[in-house]
Amino acid sequence: MVVPSADALGRGDWNAGVFFEDVASGTVNDIVANYGIAQGFEVGINRFQRDDDSDDHTLINAKYRFIPETSSRPAFAAGISDVVDEIETTVYIVASKSFGCAVRTWEGETLSPRFHVGLGGGALSGLFAGVSAYIGNRIEVIGEWDGDKVNAGARWRVTRQFTIHAGGFNLTDEEDEFSQGASFGIGASFASIY
């Protein structure tokens with residue numbers, strides 16, 4: 001969805017996705033890709049166009065996980081989206097932690113409920129938080145507060161590499177927005193809009 005996690009791609013891992021968003025200003029089409037430069041350090045690109053805007057926008061993003069998660073400690077990461085300020089540069093720091101009696105996994109993906117909390121500037125102004133949990137081993141449900149709006153969504157992991165996404169944004173407002181998309185990736189983290 002929108003709230004980042006402290007998850008980061010490993011060296012040489014990558015993901016890519018296509019998303020279609022129905023927002024208050026019209027339709028937005030996104031093509032995203034991320035690549036793990038080094039263990040825990042990823043860079044990405046998000047190229048998108050609004051149907052009411054003839055210009056394409058290209059956002060460059062980066063995230064570094066500087067402390068990995070352990071059984072007693074959350075993971076910590078810092079990131080920046082829209083490095084060149086095409087729309088709005090956003091910097092953040094985030095912590096992510098799995099909870100439950102035992103960490104459950106499926107083909108390397110953590111299935112236990114996960115919580116994410118952080119501070120940001122720009123589009124993620126102030127405190128933000130999110131939670132994700134699996135129903136079974138393939139459907140992930142997500143809820144989040146992005147510092148301004150409530151968002152909710154789901155991901156269906158068709159295979160380890162291929163995921164279908166759907167979500168609602170700005171759910172506390174009359175002008176809620178909807179997004180759907182698909183992503184393919186080799187690595188520990190899947191494409192997101194942010």
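A charge sits over a ring if NZ of Lys or CZ of Arg is within 6 Å of the ring centre and within 35 degrees of the ring normal. With that in hand, here are some exercises on this predicted model.

**Exercise 1.** Find which residue K97 lies over, and at what distance from the ring centre.

*Solution.* Start from the lysine: K97 lies over the face of F99. The distance from the ring centre is 5.9 Å, and the cut-off is within 6 Å.

**Exercise 2.** How many aromatic pairs does a search of the whole structure find? Classify the one formed by F41 and Y64.

*Solution.* The search finds three aromatic pairs. For F41 and Y64, the centres are 6.3 Å apart and the planes make an angle of 65°. Planes over 60 degrees apart count as edge-to-face, and that is the class of this pair.

**Exercise 3.** Are the rings of F66 and F76 stacked or edge-to-face?

*Solution.* Take the geometry: the ring centres are 6.4 Å apart and the planes lie at 25°. Because planes under 30 degrees apart count as stacked, the pair is stacked. Now locate the residues: F66 is in strand β4 and F76 in strand β5 (residues 75–81), 10 residues apart. To finish, F66 is partly exposed at 37% relative accessibility, and F76 is partly exposed with a relative accessible area of 28%.

Terms used: Residues numbered from 1 in each chain as written. Predicted model: local features only at pLDDT ≥ 70, side-chain atom pairs only at ≥ 80, totals over all residues. Heavy atoms only, no water. Phe/Tyr/Trp six-rings, centres within 6.5 Å; stacked < 30°, edge-to-face > 60°. Helix = DSSP H or I, 4+ residues; strand = E, 2+ residues; numbered from the N terminus. Buried < 20%, exposed > 50% of the residue type's maximum accessible area, 1.4 Å probe, protein only.
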